[in-house]
Amino acid sequence: MRSAIATLPLTCETDVVSAHQRAHLIAKCLGFKGPDQNFISTAVSEIALNAFEYAGGGTLDFSIARNGDGQRLEIRISDSGPGIRDLDLILSGHDRSSGAMGLGLPGARCLVDGFHVETAPGRGTVVTLSKNLPASAPRHDRAPIRRIADEIAKNVTTP
């Protein structure tokens, strides 16, 4: 079962900054500690930047997924760009685009618990990141998720 938290368009550079801020705040609201908040927001920033730079933009969706007793934060970044050529080479860390300055896909993958890429030439890319919620985190059902979404709407500012 999946429950949506927030959606953010990635249409300009400031949206990438907003994605970082929103990811950090969502992670904090869900009970992640400082280092994990930074890992999540950094991974989101890297993939959001890729979507903006290589595909001209996209969409970022945050949700909570439940599996039995476990919960995880899922972040889906999708675009309608050209797709990723040589995905395996890129994920191996042996290929760097001429303009690449950050961690990119391999670095983002190291910062989260789950990482999945769907891509096809001319049909865009969907990157799904996931991070297991701490065992101490309360169960997030509809009411807590709505409160988190309200908190995010109040506290995230546009750069």
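**Helix packing around α2**

The crossing of α1 and α2 is right-handed (a crossing is right-handed if the near helix is turned clockwise from the far one by less than a right angle, and left-handed if anticlockwise). The model is predicted: local features need pLDDT of at least 70 and side-chain atom pairs count only at pLDDT 80 or more, while totals for chains, interfaces and linings use all residues. Residues are numbered from 1 along each chain as its sequence is written, and side-chain values use heavy atoms, with hydrogens and water left out.

**Overall fold**

- The chain has five helices and five strands (DSSP runs numbered from the N terminus, with helices being H or I of at least four residues and strands E of at least two).
- Along the sequence, the pattern is β-α-α-β-β-α-α-β-β-α.
- Of the 159 residues in the chain, 46% are buried (buried means under 20% relative accessible area, exposed over 50%, and partly exposed in between, with a 1.4 Å probe and protein chains only).
- Among contacts with a separation of 6 or more, 66% join residues 24 or more positions apart (contact means heavy atoms within 4.5 Å).

**α1 against α2**

- Helix α1 (residues 13–29) packs on helix α2 (residues 34–55) at an angle of about 155 degrees, and their axes are 8 Å apart (axes are lines fitted to C-alpha atoms, for helices over the stretch in contact, and angles run from 0 to 180 degrees between N-to-C directions).
- The two helices α1 and α2 are therefore roughly antiparallel (angles under 35 degrees count as roughly parallel, over 145 as roughly antiparallel, 65 to 115 as roughly perpendicular and the rest as oblique).
- From α1, the residues in contact are Glu-13, Val-16, Ala-19, His-20, Ala-23, His-24, Ala-27 and Lys-28; from α2 they are Gln-37, Asn-38, Ile-40, Ser-41, Thr-42, Val-44, Ser-45, Ala-48, Leu-49 and Phe-52.
- By class, this contact of α1 with α2 has nine nonpolar, seven polar and two charged residues (Ala, Val, Leu, Ile, Met, Phe, Trp, Tyr, Cys and Pro count as nonpolar, Asp, Glu, Lys and Arg as charged, and the others, Gly among them, as polar).
- Ser-45 lies in helix α2 and counts as buried at 15% relative accessibility.
- Leaving aside residues up to four places away in sequence, Ser-45 touches Val-16 and His-20.

**α2 against α4**

- The axes of α2 and α4 cross at roughly 155 degrees and come within 9 Å.
- α2 and α4 are therefore also roughly antiparallel to each other, but the crossing of α2 with α4 is left-handed.
- Phe-39, Thr-42, Ala-43, Glu-46, Ile-47 and Asn-50 of α2 meet Gly-104, Leu-105, Ala-108 and Leu-111 of α4.
- The contact of α2 with α4 has six nonpolar, three polar and one charged residues by class.
- In helix α4 (residues 104–111), the buried residues are Gly-104, Leu-105, Gly-107, Ala-108 and Leu-111.
- Down the axis of α4, these buried residues fall within an arc of 165 degrees, so they line one face of the helix (the arc is that of the directions from the helix axis to the C-beta atoms).
- The cover over the buried residues of α4 includes α2, α3 (87–92), β4 (114–119) and β5 (125–132).

**Loop residues**

- Thr-11 sits in the loop between β1 (2–10) and α1 and is exposed, with a relative accessible area of 56%.
- The C-alpha atoms of Thr-11 and Phe-52 are separated by 6.9 Å, although the two residues are 41 residues apart along the chain.
- Asp-86 is in the loop between β3 (70–79) and α3 and counts as exposed at 52% relative accessibility.
- Phi of Asp-86 is near 55 degrees, a positive value in a residue other than glycine.
- Most residues other than glycine have a negative phi.
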